[in-house]
Protein chains: 2
Amino acid sequence: MSFQGIEEAYNRISNIVNKTPVMTSRTLDLQLKANIFFKCENFQRVGAFKFRGAYNTLSLLSERQKEKGVISHSSGNHAQAIALSASLLGIKATIVMPKGAPENKINATKSYGAQVVFCDNTLEARTKTTKEIIKEQKFVLIHPYDNDDIINGQGTAAYELVKEIGHLDIVITPLGGGGLLSGTALATKGLCPNARVIGVEPSLADDALRSLKAGFIVPSTYPNTIADGLRTSLCERTFNTIRTYVDDIITVSEFEIIDAMKFLWERMKIIVEPSGAVPLAAILSKKISVENKKVGAILSGGNIDIEPFFQLLEKKIA
Amino acid sequence: MSFQGIEEAYNRISNIVNKTPVMTSRTLDLQLKANIFFKCENFQRVGAFKFRGAYNTLSLLSERQKEKGVISHSSGNHAQAIALSASLLGIKATIVMPKGAPENKINATKSYGAQVVFCDNTLEARTKTTKEIIKEQKFVLIHPYDNDDIINGQGTAAYELVKEIGHLDIVITPLGGGGLLSGTALATKGLCPNARVIGVEPSLADDALRSLKAGFIVPSTYPNTIADGLRTSLCERTFNTIRTYVDDIITVSEFEIIDAMKFLWERMKIIVEPSGAVPLAAILSKKISVENKKVGAILSGGNIDIEPFFQLLEKKIA
């Protein structure tokens, strides 16, 4: 992965990915005396930036690999991203999902034409089931972030943002496994070397902060944060990139995450999932000083189960 | 009101109103074999198209009227639109609101600097309170739709849409008092005379359809539809415009409205209030035939109380 890799990925995928809009809020900018530019990856295909990396990676597979088909284990946005990318490229995809994954995510994955295989709801069961299938069927495993092509793809979000807005003083992204943050750091430093790049993770899932302090990877204990996309651990690849290129790691509380989501829903009228709202949580809680600054914040996704809200609404009209 | 009036309004207010984005959905277009262009007035200032008409009207007041100040009675988007417009133009605004109006709407109205006066929660009480204040204080009453400048302002949404997208076969808007539909019809027919213009109202509030059939205004009984912005009756001004320029009126059920909202929230990741979702409700329920057509649909606003959903979320992390 590299700045050049991101530029190449951008040229490769820009006709297929959505050029997501950049949104601003007068209220917020006035309140903070800053210019905050939200890169709305909740409007990306499958509802999250994950499509960028998945499509970039699958389109770079050899013909032989494409014929074999791909496999991934995830209950989240990466699964849907692989399913849609495979479908667009005519590749067979299998997704290992835990039993009890949300119905809407299972249906979405199936609707893109992927085969869904269920396993028990533990990380071990997922890995084991996936390995067994690979042994038998020879599918190519696509890791959600421990992969240069994935990271180059994720970097195209920040690349697009900076190309559109111009110089930024700070660029902020959510931080889970570190794929988005790694790609963002490479893209941002390549286009405006003086920009600070900051990753934000939930306090409940602060394994990246602890890893950087320790100087080695402290694994995530798969904590129960509401930001379900940020529960994963770093890998060597993302750990080293973040150590080299990222300026700061900030943690936010569960309440700060919900407050930020609420601002995005209520004032900006956009649906952002908890994981996607952490950059704004860090800004609103004043943990990042943004006054007089031009700040890019990547709203990484918008996939959240809204069924409970609509059940309340339906009761009103019944 | 006229096409020329709308063009003039557009030139007058386009530096102040948000040029709202036009959004599309691959899923929807594929499913319907159509091109649906959503004009996202939920991203307008104050969260609804109402700001267009309010700002246009207040900026056209004489200096004497501006000095007197303005008054309006509403618990909805018009109130906030008048409050913000008045504040931007340095005009004193008073809003008469029913006791028990949602806290967030009261706070928003106050936050724009308007004075809020409470009255009982009946249409009679509102009118009476407003009249009493006007008698005493000589404020200028700004009606939410029985006003040419308001209608010209509302027409700028469709004007912007057609200017951006080019020829459309059909343009669809929500229909309550008829201000948005009247302005939309004038703008659309002015720019592409062959386009069909369609208004959509809740079946529970089908007073416009009944009025057109009867040939005279059948007043709304202020019905309890979930589309709270569409409960109002036509006035002579909007009735006559709609009779002359609008091609069809469609009604949709409460469940159809909720289904459409759900599509917008879940698939498009944008928050649209029930009143704003009725054009899509008419499309999804196949009451408007859109196959092979270029269709504009105005998503009129995004102001809905999301507090109940966030209370559910907060319980999760408590």
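This is a predicted model: local features need pLDDT of at least 70, side-chain atom pairs count only at pLDDT 80 or more; totals for chains, interfaces and linings use all residues.

Colleague: Into which domains is chain A divided, and how many Å separate their centres?

Modeller: Chain A has a domain 2 that covers 51–141. Domain 1 is written as two stretches, 3–45 + 149–299. Taken over C-alpha atoms, the centres of domain 1 and domain 2 of chain A are separated by 25 Å.

Colleague: How far apart are the closest N and O atoms of A:E41 and A:R52?

Modeller: Two salt bridges are counted between domain 1 and domain 2 of chain A. A:E41 and A:R52 form a salt bridge, and a salt bridge needs a side-chain nitrogen of Lys or Arg within 4 Å of a carboxyl oxygen of Asp or Glu. Their closest N and O atoms are 2.7 Å apart.

Colleague: Which helix gives the most residues to the side of domain 1 of chain A that touches domain 2 of chain A?

Modeller: Across this interface there are eight residue pairs in polar contact. Helix 1 (3–13) and helix 8 (148–165) of chain A each supply at least two residues of the domain 1 side. The one that gives the most, with eight residues, is helix 8 of chain A.

Colleague: Now to the two chains: how much area is buried between chain B and chain A?

Modeller: The contact takes 35 residues from chain B and 35 residues from chain A. Carbon and sulfur atoms give 71% of the buried area. The area itself is about 3,400 Å².

Colleague: Which residue of chain B meets A:E307 in a salt bridge?

Modeller: The interface of chain B and chain A has two salt bridges. In one of them, the N to O distance from A:E307 is 3.0 Å. The partner is B:K262.

Colleague: Where does the largest share of the chain B side come from?

Modeller: Helix 12 (254–266) and helix 14 (307–317) of chain B are the elements that give two or more residues to the side touching chain A. The largest share is eight residues, and they come from helix 14 of chain B.

Key. Residues are numbered from 1 along each chain as its sequence is written. Chains are lettered from A and ligands numbered from 1 in the order in which they are written. Side-chain values use heavy atoms; hydrogens and water are left out. Domain bounds come from an automatic or database domain assignment. A polar contact is a pair of N or O atoms within 3.5 Å; within protein, one must be able to donate a hydrogen and the other to accept it, and residues adjacent in sequence count only if both atoms are side-chain atoms. Helices (H or I, at least four residues) and strands (E, at least two) are DSSP runs, numbered from the N terminus. Contact means heavy atoms within 4.5 Å. Buried area is the accessible area (1.4 Å probe) that two parts lose on being put together, summed over both.
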